[in-house]
Amino acid sequence: MTIEGNTLKPDWSAPDRVRAISTTRVGGVSARPWNSLNLGVHVEDDPEHVQENRRRLAESIGLDSDRIGWLNQVHGTEVVELTANNVGQTVKADASYTRQPGIACAILTADCLPVILADREGTVVGAAHCGWRSLCGGVIENLVSAMAVAPKTLQVWLGPAIGPESFEVGPEVRDAFVRHDPEAARAFKDGGARPEHFMADIYALATLRLNHLGVYNVNGGGLCTVQDSDRFFSYRRDGQTGRMATLIWLK
């Protein structure tokens, strides 16, 4: 990961025509508790502040604001292909992909894991919103299938999310992942503050899903949105708060 100004950039070997960033909470106009670069329209922030923040983001990456594919994320597994015909709409989905230059796939998070993908030829890019429900339900599998390239050609970056020292979950979460894949048990450790709860590693869970698909070039991870309050929004830490964005697009 490279830090440039108020944004994070993946350290990976994606082709030159692939561009990707993840925002921090710094550099916007929103007041507390959304301070300051809140990009989410659904968190009761002043809509004018959110639009200004989105305008600043678009300007900083050299795209028109109506070429960023914001989604109505519902913790599901739906995937949408972004094209010139639908990119200005807010589509209900938790993942998107595109083959068209100048259209950005965008994922909003404040603890959930943003996952971005690009093939090594630079022909298609995608992004997924991986809360535990969507990750367990198969959003990554659906996205890789929709991108329709050989999984071994994909490169992946895992953006900022809740870290394994902060992500306490109940036994139903562990059971859901382990029912799908017994190997997922290794991503859960005892030590939750509540009885019969576990500490979960969402980075490890996502990597396991990708590896089972034949995707092995996985980068990123290691950040914690809960513990880094200066840089990141965290719903689990603060409740009412803003949202960061992770974007990927083709030049």
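Reply: The lining of the second largest pocket divides into 12 nonpolar, 7 polar and 6 charged residues. Here Ala, Val, Leu, Ile, Met, Phe, Trp, Tyr, Cys and Pro count as nonpolar, Asp, Glu, Lys and Arg as charged, and the others, Gly among them, as polar. Keep in mind that this is a predicted model, where local features need pLDDT of at least 70, side-chain atom pairs count only at pLDDT 80 or more, and totals for chains, interfaces and linings use all residues. Residues are numbered from 1 along each chain as its sequence is written, and side-chain values use heavy atoms, with hydrogens and water left out.

In total, 25 residues line this second largest pocket, and Thr 7, Lys 9, Ala 20, Ile 21 and Ile 61 lie nearest its centre. (On a 1 Å grid over the protein atoms alone, a pocket is an open set of points with protein on both sides within 12 Å along at least five of seven lines; lining residues have an atom within 4 Å of a point.) At least two lining residues come from each of strand 2 (7-9), strand 3 (18-23) and helix 1 (47-61); helices (H or I, at least four residues) and strands (E, at least two) are DSSP runs, numbered from the N terminus. The space in the second largest pocket is about 450 Å³.

For comparison, the largest pocket holds about 700 Å³ of space. Its lining has 29 residues, with His 75, Cys 112, His 129, Tyr 235 and Arg 243 nearest the centre of the largest pocket. That lining divides into 13 nonpolar, 9 polar and 7 charged residues.

Note on methods: On a 1 Å grid over the protein atoms alone, a cavity is a set of points where a 1.4 Å probe fits but cannot get out, and a pocket is an open set with protein on both sides within 12 Å along at least five of seven lines; lining residues have an atom within 4 Å of a point. Grid points are joined across faces, edges and corners, and a volume is the space filled by probe spheres set on the points.
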